[in-house]
Amino acid sequence: MHPARLLLVAAAIGLTHSASAQTDEAILVRGAIIHTAAGAPIPNGAVLVRGGKIAALGTNVTAPAGARIIEAAGKVVIPGMIDNHSHIGARPTDLNDTPMLIGPQHRFIDALDWNDPDFADAVSGGVTTIVTGPGSGENVSGMAAVIKTFGTDYSKRMLLEKGGMKFAMGVKGRTRYPATTMGVAANLRQYLIKTQEYVAAQKKWEDDGKKGNPPARDLGYEAMSDVLAKRTYVRSHVHSATDVMTLVRLKDEFGFDLTLHHSTEAYKVAPELAKRGISAVVLPLGPRIGLGEDAMAGPYILWKAGVKVAMHTDAPVINQKWLRLCAALAMRYGIPEEEALKMVTRNAAEIARVGDRAGSIEVGKDADLVILDGAWYEPKSRVDVVIGDGQVIYERAKEAK
Amino acid sequence: MPRIIAVLLFALGIGSLEAQDRPIAIRGGTVIPMSGPQIPNGTLVLRGGKIVAVGANVSVPAGAEVIDARGKFVMPGVVDAVSHIGIDANDLNEPTDPMTPQNRAWESYNPFGTFGSGKPNPLRNIEGLTGGVTTMYIAPADAQLLGGQGAIVKTAGATLDAVLVKEPAAIDIALGTPPKAVARAANRDPATRMAEVAMLRQILVKGQEYERNKQSNPSLARDLGMEALGKLLRKEIPARIQANNATDIRSALRLREEFAIDVIIDGGAGAWEFKDELAAKKIPVVLGQVSHQYVSNEEIPDKQDYPTPDERLAGRLTNAGVPTALATFSRSFGSLAPAGTGKWLLIDAGIAAGYGMTEDQVLKAVTLVPAQILGVADRVGSLEVGKDADVVILDGPPLSVKTWVQRVYVNGELVYTK
């Protein structure tokens with residue numbers, strides 16, 4: 001884009017947002033190599049943020065009067081990262097309502113402590129947006145939330161309250177039904193059918209002119225009806241290829257949108273996922289002990305097959321600030337650098353359904369940026385500065401030595 | 001036909017029973033000996049399972065197999081100062097008894113059929129070898145207060161006995177939440193930190209009495225647990241005490257004084273508070289992975305029981321003069337593990353290079369320092385003449401995520417090739 005046009009865009013964005021932004025201070029980061037997750041890297045690039053949004057991007061961006069300038073020669077800029085799967089912000093005892101095997105009516109925001117110190121930890125690692133949700137102690141454990149990791153205005157931090165319905169395959173009872181893989185599948189199928197019947201009963205009452213009392217509401221079926229209507233989607237914890245295929249069958253039967261999580265053996269059925277547009281969120285470290293190099297190359301195999309892949313931390317299982325290393329491990333097994341970066345930025349945002357706001361450095365998107373002192377994928381590199389919604393929210397220089 | 005015989009011999013493990021006799025010369029790489037500065041374009045000669053020469057001007061012996069390492073990095077095998085890899089999840093701890101000093105981790109060690117290939121011979125701990133790990137300390141896990149005796153093993157060898165380096169290597173103890181939580185759930189002791197220390201104190205007193213009685217009465221009935229504790233009380237082996245927060249570290253240091261035993265602090269997330277004492281008395285600390293600082297068998301521990309993770313800790317302790325190693329504390333096969341295995345030890349340790357440690361210090365923290373802490377630095381941990389020929393060849397700088405371990409030699413035998 002021509003510099004003059006960039007400036008015009010900058011001006012337009014600035015005008016649009018100046019009324020609502022907390023501060024109007026513009027920040028220009030310049031001199032760095034910018035990995036946008038939306039195209040080729042821009043060496044010696046500059047990015048201007050204003051009013052909480054990315055206002056201009058390129059190699060010749062001029063700072064407006066009064067803008068703060070961050071000289072970043074030799075540095076690396078990437079989008080604020082998105083951890084697509086974590087359990088941050090709640091006490092460990094609040095993650096799983098295990099007595100209830102199917103509890104879609106649970107919402108993670110009802111357990112969320114917005115001031116949890118883990119959020120600051122995430123920010124220090126360049127993670128600005130996360131999906132945080134209930135655990136895997138139930139076959140359906142409730143609705144995850146998509147939130148920003150910084151800020152004091154909780155309503156602004158909340159991106160999606162209905163951030164995906166958490167399923168967990170392979171979670172079996174020992175002293176009650178279902179205790180087998182078959183049982184889990186049958187139980188889920190039964191619940192989905194009951195949801196269909198619940199929706200049909202509601203519709204019939206409406207079609208009949210809403211005569212008499214409406215059918216009794218059930219918050220579980222109501223929440224699951226959001227899944228069937230694709231107002232939200234299924235995020236399923238799954239390890240074995242058998243369980244992956246069970247989910248694929250359920251998707252084919254009930255027509256919901258599906259993403260796989262942890263996805264340990266998803267690579268074994270990658271073509272089945274690719275042709276249905278099922279994405280996979282992969283945990284590179286945690287539950288993989290002894291699985292060998294084939295499984296470690298899983299994200300590469302999935303990517304090669306055309307599956308949209310994101311990498312996640314499962315925080316607090318892996319500290320959220322090391323999300324970038326989860327992508328680095330994917331890169332190690334053959335995924336090109338820019339594609340690996342997308343797995344903790346753009347892909348992660350799109351899978352979380354917030355791709356219009358987060359996940360890439362493009363004009364108009366939320367101004368969430370990370371400045372590192374070296375390659376984003378190297379263990380020894382440090383995050384120097386994090387910008388969130390257009391403001392500096394972390395500065396390494398101000399940290400205790 | 002000779003090839004078939006060779007394959008057969010290899011399959012039977014016979015080839016590896018004999019000490020390596022044809023010399024191997026690894027030539028042209030950047031040699032990182034750990035005991036001294038890096039040697040660009042260095043040569044390393046291995047013979048009879050030992051390192052026989054290392055330097056810039058080393059001549060290649062006649063008949064040697066020459067390995068071209070130009071553009072590569074050559075370093076000693078990584079030493080993982082604690083791992084549970086090779087012990088089945090169900091074999092890590094006794095569920096009913098909080099203290100079993102008679103138990104030997106070595107006798108739970110069962111890598112057969114679980115290390116990648118599924119073939120029984122020869123033994124290859126692929127999970128460690130892919131990360132260049134050649135030596136590790138294996139121990140019972142932390143669901144017991146005193147799990148038993150740990151052992152030091154190599155990650156490759158012809159037979160189980162051949163991989164053994166030292167056994168028993170330590171008495172393995174865990175303080176804090178993990179043993180307490182298990183006991184509390186079973187409605188037995190130790191349900192509190194007080195009970196943990198009191199029970200340890202009592203069993204060590206019993207150990208002292210057993211030693212005394214044994215001396216005055218040689219026909220006293222043998223007690224294998226007490227015999228193991230005797231080794232600890234006579235300082236033949238140290239206690240490895242898992243202690244993460246300040247309370248638990250203080251208890252470990254108190255037991256050390258009270259019973260005049262050698263102590264190694266495992267976990268040590270709160271060790272900075274004790275840096276002066278640790279440095280003055282050279283009490284070693286084995287930290288967990290930098291990216292995952294608390295050490296625990298709990299999948300998601302309660303934060304209140306652990307100090308806030310601090311990536312600077314390894315560098316700060318090292319620079320304060322505390323012998324500090326970085327280890328995996330890797331869980332067993334098949335378990336849901338919060339942190340990585342030996343495969344990731346170098347990459348994870350690389351994080352510390354961004355937090356106040358030089359790359360040389362980081363590499364030492366996973367080679368020479370743990371070898372010294374384990375008491376086997378005469379054999380492993382650096383590339384020095386006379387030490388075991390445990391060598392790793394990498395295709396790039398050891399702490400880069402892009403780097404792959406290309407070859408691993410254990411006792412002079414090529415045991416892993418990428």
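Q: How many helices and strands does the secondary structure of chain B come to?
A: Helices (H or I, at least four residues) and strands (E, at least two) are DSSP runs, numbered from the N terminus, and in chain B they come to 13 helices and 18 strands. This is a predicted model, in which local features need pLDDT of at least 70 and side-chain atom pairs count only at pLDDT 80 or more, while totals for chains, interfaces and linings use all residues. Residues are numbered from 1 along each chain as its sequence is written, and chains are lettered from A and ligands numbered from 1 in the order in which they are written.

Q: In what order do the eight strands of the open sheet in chain B lie?
A: Two strands pair if DSSP finds at least two bridges between them. In chain B the order is 6-8-9-11-12-13-14-15, with mixed pairing, and the edges are strand 6 (78-83) and strand 15 (324-326), each of which pairs on one side only.

Q: Which way do strand 8 and strand 9 of chain B run, and how many bridges join them?
A: Strand 8 (residues 133-138) and strand 9 (residues 146-154) of chain B run antiparallel and are joined by four bridges; as one example of partners, Y137(B) is bridged to I152(B) in strand 9 of chain B.

Q: Which strands does helix 7 of chain B lie across?
A: Angles run from 0 to 180 degrees between N-to-C directions, and axes are lines fitted to C-alpha atoms, for helices over the stretch in contact; two residues are in contact if their C-beta atoms, placed from the backbone, lie within 7 Å. Helix 7 (residues 224-233) of chain B lies across strand 9, strand 11 (164-174) and strand 12 (239-243) of chain B, and runs at about 95° to strand 11 of chain B.

Q: What domains does the assignment give for chain B?
A: Domain bounds come from an automatic or database domain assignment, which for chain B gives domain 1 (1-76 + 381-418) and domain 2 (78-380). Here 22 residues of domain 1 of chain B are in contact with 32 residues of domain 2 of chain B, and on the domain 1 side the largest share, three residues, comes from strand 17 of chain B.

Q: What domains does the assignment give for chain A, and how many Å separate their centres?
A: Chain A is assigned domain 1 (1-80 + 359-401) and domain 2 (82-358), and their centres, taken over C-alpha atoms, are separated by 30 Å. The contact takes 21 residues from domain 1 of chain A and 28 residues from domain 2 of chain A.
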